[in-house]
Amino acid sequence: MALYSARALALLALLCGWAAAASHAQSASAPAASASTSAPPPELSSYPDPRHRLQGAALVRALREGGLVIYFRHAATDFSKNDQNMRDYDDCANQRPLSEQGRSDAHAIGQRIAELQLPIGIVMASPMCRTMEHARLMLRTATPTHTMRELSDGEYIGLKRLLSARVPAGINRWMVGHGMPFRAVAGPPQLSEGEAAVLRPLGDGWTVLARLTVADWATLKGG
């Protein structure tokens, strides 16, 4: 009986040793597997990419060469009014309009665009009255583009495609829209009223090259 117990204990010890070794091997490999599968996705940001950021004369040269998207949040508005009672996009009386400062800012930006001899090409705007007015005051024309503000399955898919679609050299795509849709697809920080983001479209995404407030346009110098 004692001999049987000794053999049983020896076998039990051997099995325990194998189990411990297997457990150690599994735990040693687990962190690597976890690290490769649980890494968080990169956080969206519409701040200029430090590797590609453009300023001053370099930014003006890039804008003149074309192939870029310049997305504006509409200029300053009159917050004493809202859009709650609007019947359709043409019902300007029941929408939040540009303020007098906003109209002045949009016109002034347009003057600087002309003075810097920046190519136009394509001008799109959200069909809301304030965005269409900003675009026309700035660039004299605009195509109302419903997909700039349309939600589909909780995403602004149309806006994302427009920001990503490549633009031929020699022209730019100018867009006047809203702050929240842009933040939803490009990430924070939020565009202020009248602020623009300059993007290089890549077909399946974009690189943010610069952000320009209303005041920044006056500081740009042509070479």
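Colleague: Why does D83 count as partly exposed?
Modeller: The relative accessibility of D83 is 22%. Buried means under 20% relative accessible area and exposed over 50%, with partly exposed in between (1.4 Å probe, protein chains only). D83 is at 22%, so partly exposed is the label.

Colleague: What kind of model is this, and what limits apply?
Modeller: The model is predicted: local features need pLDDT of at least 70 and side-chain atom pairs count only at pLDDT 80 or more, while totals for chains, interfaces and linings use all residues. Residues are numbered from 1 along each chain as its sequence is written, and side-chain values use heavy atoms, with hydrogens and water left out.

Colleague: What makes D83 and R130 a salt bridge?
Modeller: Their side chains have an N to O distance of 3.0 Å. The rule asks for a side-chain nitrogen of Lys or Arg within 4 Å of a carboxyl oxygen of Asp or Glu, so the pair passes. D83 is in the loop between β1 and α3 and R130 is in helix α4, so the bridge ties together parts 47 residues apart in sequence. R130 itself is buried, at 5% relative accessible area.

Colleague: How many salt bridges does the rule give?
Modeller: The count is eight. One of them joins D91 and R87, at 3.5 Å from N to O.

Colleague: Is D91 buried or exposed?
Modeller: D91 is buried, at 6% relative accessibility.

Colleague: What does R103 form with E133?
Modeller: R103 and E133 form a salt bridge, their closest N and O atoms being 2.7 Å apart. R103 belongs to helix α3 and E133 to helix α4, so the pair ties together parts 30 residues apart in sequence. R103 is partly exposed at 24%, and E133 is partly exposed at 27%. Shared partners join E100, R103 and E133 into one network of salt bridges.

Colleague: What are these helices and strands, and how many are there?
Modeller: The protein has six helices and six strands. They are DSSP runs numbered from the N terminus: helices are H or I, at least four residues, and strands are E, at least two. Along the sequence the order is α-α-β-α-β-α-β-α-β-α-β-β.

Colleague: Which residues have the most contacts inside the largest nonpolar core?
Modeller: They are L59, F72, I113, L118, W174, V198 and W217, in a core of 28 residues. Two or more residues come from each of α2 (56-65), β1 (69-73), α3 (100-115), β2 (121-125), α4 (129-139), β4 (172-177), β5 (196-201) and β6 (206-212). A second, separate core of 18 residues includes V69, Y156, A197 and W206.

Colleague: What makes such a set a nonpolar core?
Modeller: The set must hold buried Ala, Val, Leu, Ile, Met, Phe, Trp, Tyr and Cys residues joined through side-chain atoms within 4.5 Å. Of the 223 residues of the protein, 41% count as buried.

Colleague: With which residues is L118 in contact, leaving aside neighbours within four places in sequence?
Modeller: They are V60, L63, R64, I113, W174 and W217. Contact means heavy atoms within 4.5 Å.

Colleague: Why is V60 called buried?
Modeller: V60 has a relative accessible area of 1%, so buried is the label. V60 lies in helix α2. Beyond four places in sequence, V60 contacts L118, L220, K221 and G222. V60 and L220 are 160 residues apart along the chain, yet 7.1 Å separates their C-alpha atoms.

Colleague: What share of the contacts with a separation of 6 or more comes from residues 24 or more positions apart?
Modeller: That share is 67% in this protein.

Colleague: Which residues lie nearest the centre of the largest pocket?
Modeller: L44, S45, V185, A186 and W206 do, out of 16 lining residues. α5 (157-164), α6 (179-186) and β6 each give two or more residues to the lining, and β6 gives the most, with three.

Colleague: What makes a space a pocket?
Modeller: On a 1 Å grid over the protein atoms alone, a pocket is an open set of points where a 1.4 Å probe fits, with protein on both sides within 12 Å along at least five of seven lines; lining residues have an atom within 4 Å of a point. About 310 Å³ of space lies in the largest one.

Technical notes: Grid points are joined across faces, edges and corners, and a volume is the space filled by probe spheres set on the points.
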